[in-house]
Amino acid sequence: MRLERLAVIASGRGTDFQSILDHIKMNVLQDIKLTLLICNTPDAYVMTRARNAGIKTEYIEGIVGKKFPEKEDRRKAREEFDIKVIKELKRQDITLISLAGFNQIVSPVLIDLFSKKVMNIHPAYDTIQYGGVGMYGERVHKAVLANNEQYSGCTVHYVDNTVDLGPVILRQRVAVKSGDTIDSLSDRILVWEHRSYSKAIQIHVDNELERRNNLAPEDIVDDEWEKSWNERQKKYFEYQIEHALDIYGKPLNKII
């Protein structure tokens, strides 16, 4: 099996980036090398994380916060950004891309070239009702709470020319609890984001998606692939518990 070369594209703190890196270091996530970080925010902490880990880091000036005379000008600016990204991806022979807290919409220039090789994680289980343009971060959790949903969660999907509606790789339900605030729900979902993104990447690496999609939900629980993944990921669960104060600012049992 060829080793997948992963690039992460991010904009902020980089906690999802760190969770992927930790899964690789623990040999939970296998047959993949985190090769490159691309960031569109000059002072983002994710770049510090990458540099500390010895991972090549590239800053490319983004378009967020900039004003454009027309929508067409913004579209062209996104394409120009993505063309610069593609040059770095090709230079590093990247075979898989993970968007992790990336605050720009990706253009068809990149998506078409890396079809079914660009992944994103969205902090909602229902990406139809709680996804799309303008539905990100706290806005998602606020809408979920306003609708008195019993659960939310996170979804890892391939990126296509929609927003948040690409082919689903993995969905994870997360309970909404009585008295939840935006912050408490966000924290609980983040714990599961850190567990789910790497699992979805491994599903891709192992070409497991089509086979898993043909299994009934009850069969997945007893599936050999699932058992092997769960056994390996125990290391990461233990790490989350031990380092929860550093990662989340509070003990894990106070979050989930």
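Good morning. The model is a predicted one, in which local features need pLDDT of at least 70 and side-chain atom pairs count only at pLDDT 80 or more, while totals for chains, interfaces and linings use all residues. Residues are numbered from 1 along each chain as its sequence is written, and side-chain values use heavy atoms, with hydrogens and water left out.

I begin with the sheet. Helices (H or I, at least four residues) and strands (E, at least two) are DSSP runs, numbered from the N terminus. An open sheet is formed by 7 strands in the order β3-β2-β1-β4-β5-β6-β7, with mixed pairing; two strands pair if DSSP finds at least two bridges between them. The edges are β3 (56–59) and β7 (168–175), and each has a single partner strand, so one side of each is left without a neighbour in the sheet. On average, neighbouring strands of this sheet are turned by 20° against each other, direction ignored. Angles of this kind run from 0 to 180 degrees between N-to-C directions, and axes are lines fitted to C-alpha atoms, for helices over the stretch in contact.

Strand β1 pairs with β2 in the parallel sense over 7 bridges, and A7 stands opposite L36 in β2. Of the 7 residues of β1, 6 are buried, so β1 is largely enclosed by the rest of the structure. Here buried means under 20% relative accessible area, exposed means over 50%, and partly exposed lies in between (1.4 Å probe, protein chains only). Strands β4 (residues 96–100) and β5 (residues 118–122) run parallel and are joined by 3 bridges. The bridge partner of S98 in β5 is M119.

Next, the helices on the sheet. Helix α1 (residues 15–25) packs on the sheet and touches β1 (4–10), β2 (32–39), β4 and β5; its direction makes about 160° with that of β2. Contact, throughout, means heavy atoms within 4.5 Å. Helix α6 (residues 182–205) also packs on the sheet, touching β1, β2, β4, β5, β6 (151–158) and β7, and its direction makes about 155° with that of β7.

How do α1 and α6 pack together? Their angle is about 50°, and their axes are 9 Å apart. The two helices α1 and α6 are therefore oblique to each other; angles under 35 degrees count as roughly parallel, over 145 as roughly antiparallel, 65 to 115 as roughly perpendicular and the rest as oblique. The contact involves T15, D16, S19, I20 and H23 of α1, and L190, E193, H194, R195, Y197, S198 and I201 of α6.

I turn to the interior. In soluble globular proteins, nonpolar side chains tend to be buried together. A nonpolar core is a set of buried Ala, Val, Leu, Ile, Met, Phe, Trp, Tyr and Cys residues joined through side-chain atoms within 4.5 Å. The largest such core has 48 residues, of which F17, L34, M119 and I201 touch the most other members. Helix α6 gives the most to this core, with 7 residues. A second, separate core of 19 residues includes A7, I9, I94 and F114. Leaving out residues up to four places away in sequence, F17 touches V8, L34, L37, V46, R49, A50, I55 and A100.

Finally, some individual residues. Y130 lies in the loop between β5 and α5 (138–146) and, at 4% relative accessibility, counts as buried. Beyond four places in sequence, the contacts of Y130 include H122, M135, V140 and E149.

E226, in helix α9 (residues 224–242), is buried at 8% relative accessible area. E226 touches K199, R212, I220 and V221, not counting residues up to four places away in sequence.

The loop between α1 and β2 holds N27 and also D31. N27 has a positive phi, near 60°, in a residue other than glycine, and D31, also not a glycine, has a positive phi of about 60°. N27 counts as partly exposed at 45% relative accessibility, and D31 is partly exposed with a relative accessible area of 35%.

Thank you for your attention.
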